[in-house]
Amino acid sequence: MALLEYGLVAAILFHALNGLRVIAVDFWSKGPRYQKQMLWSVVGLWLVLMLGAIYPVLGHAARVLFGS
């Protein structure tokens, strides 16, 4: 069950970050020019944040499974 919660966090976080990127592309005059760089920035930031979310999201499941 915890893996599904982690997947939900991943999907919501990527959706939110990508939405900010789309807003920037639409409303910033140089947005279309930097679209690819912004996409890779979103992916990089998403990876860093997902690595940081491993313990808070999956830590509870590990404690329940391994009894510590």
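**Exercise 1.** Work out the handedness with which helix 1 passes helix 2, and how the two helices run relative to each other.

*Solution.* Start with the crossing: helix 1 passes helix 2 in a right-handed manner (the near helix is turned clockwise from the far one by less than a right angle). This is a predicted model, where local features need pLDDT of at least 70, side-chain atom pairs count only at pLDDT 80 or more, and totals for chains, interfaces and linings use all residues. Residues are numbered from 1 along each chain as its sequence is written, and side-chain values use heavy atoms, without hydrogens and water.

Next, take the axes (lines fitted to C-alpha atoms over the stretch in contact, with angles from 0 to 180 degrees between N-to-C directions). Those of helix 1 and helix 2 (residues 35-52) come within 10 Å and cross at roughly 155 degrees. The pair is therefore roughly antiparallel (angles over 145 degrees).

Now list the contact (heavy atoms within 4.5 Å).

**Exercise 2.** Repeat the analysis for helix 1 and helix 3.

*Solution.* First, the geometry: the axes of helix 1 (residues 2-27) and helix 3 (residues 54-66) come within 9 Å, crossing at roughly 165 degrees. These helices are therefore roughly antiparallel too, and their crossing is right-handed.

Then the partners: Ala2, Leu3, Glu5, Tyr6 and Val9 of helix 1 meet Ile54, Val57, Leu58 and Ala61 of helix 3. Sorted by class, this contact has 8 nonpolar, no polar and 1 charged residues.

Notes: Helices (H or I, at least four residues) and strands (E, at least two) are DSSP runs, numbered from the N terminus. Angles under 35 degrees count as roughly parallel, over 145 as roughly antiparallel, 65 to 115 as roughly perpendicular and the rest as oblique. Ala, Val, Leu, Ile, Met, Phe, Trp, Tyr, Cys and Pro count as nonpolar, Asp, Glu, Lys and Arg as charged, and the others, Gly among them, as polar.
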